[in-house]
Amino acid sequence: MKQSYEAPAQWFQTLKNHLQILKGALLLPDPREGVLSPWAITGYDRTTYFRLRIPASYIYNLFHRSPSSIILLKKEEAVELEAHFSSREFGLIETLLIYGIFFQDKLIGVLIVSDSPILTWEQQVLGLLFTVIDELSASILYAFRSERQEKLRSRVFFDVQSFNKALPPDIDKQALLCTLDPRPLVRAFHAENPDLDPFLMIQDIASFLSTILEGTPVLIHSENSILYALHKDTQKDRELLVHQLESALKHLFPELSSLPELGIQATIVDVPLSL
């Protein structure tokens, strides 16, 4: 596996296939918000996709008390994490594996697994397995950190309140709202890359949309996954803006070139945004 921007997702996909992970996620640090958030995820329902943002302080405390980088929690031991899963998904957990990925004594990621045959293995066997995995991949994931920091300059949010708080102070009472349903785009991605995770694709689209709009906050709606971005210039030509955004996204993602249009819409709305 090469040291690249896609390396963490490829790493997770390899583990998913070989360890038969039916429900799990790779969480990477988001220093801006002090959490570890999903970079690749599989098997969980949509609510969990948006809630699974675990405070870094919890993870650090967990491993500070543990002599091992692998922790197995029974449901009753994982109650502090209940709010980060949907009620249904947390109810289905019997054992939760949390594997801390360290490089030069720094926590650079966390793998969580709640449905896989490995959850029945002895701790000693798990320790041997993940020691090998760690030696093969920790340096690659560490090298990815600088590229990830570049991406984090974009601003993507999952709830309206945080999105509104992040709006630039020079936005007046109205703004230009750009909306995008990413699901047709995800289908186009899947045609070329069937193994990529849809949630990761939506995050990437939202992140690049924020970057194109010079760091404008982008909201991924937790119920329908619609993307929302506010542009402060209400006098801007809407058709021109839509054309510019669609052209830029098609340039960034060649998989979208087969789509005649991406479905971006622009309307003037009151701020803060109310959905």
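Me: Is S86 buried or exposed?
Reply: This is a predicted model, where local features need pLDDT of at least 70, side-chain atom pairs count only at pLDDT 80 or more, and totals for chains, interfaces and linings use all residues. Residues are numbered from 1 along each chain as its sequence is written, and side-chain values use heavy atoms, with hydrogens and water left out. Buried means under 20% relative accessible area, exposed over 50%, partly exposed in between (1.4 Å probe, protein chains only). S86 has a relative accessible area of 6%, so S86 is buried.

Me: Which residues is S86 in contact with, leaving aside neighbours within four places in sequence?
Reply: S86 sits in the loop between β4 (70-74) and α4 (87-92). Contact means heavy atoms within 4.5 Å. By that test, the partners of S86 are D45, T47, T48 and R51.

Me: How far apart are the end C-alpha atoms of helix α8 (residues 198-212)?
Reply: Helices are DSSP runs (H or I, at least four residues), numbered from the N terminus. The expected span is 1.5 Å times one less than the number of residues. For the 15 residues of α8 that gives 21 Å, and the end C-alpha atoms agree, at 21 Å.

Me: How many residues of α8 are buried?
Reply: α8 is mostly covered. Among its buried residues are F199, M201 and D204.

Me: Which residues of α8 meet α7 (residues 183-192)?
Reply: The axes of α7 and α8 come within 10 Å and cross at roughly 120°. From α7, the contact draws on L185, V186, F189 and H190. Their partners in α8 are P198, M201, I202 and I205.

Technical notes. Helices (H or I, at least four residues) and strands (E, at least two) are DSSP runs, numbered from the N terminus. Axes are lines fitted to C-alpha atoms, for helices over the stretch in contact, and angles run from 0 to 180 degrees between N-to-C directions.
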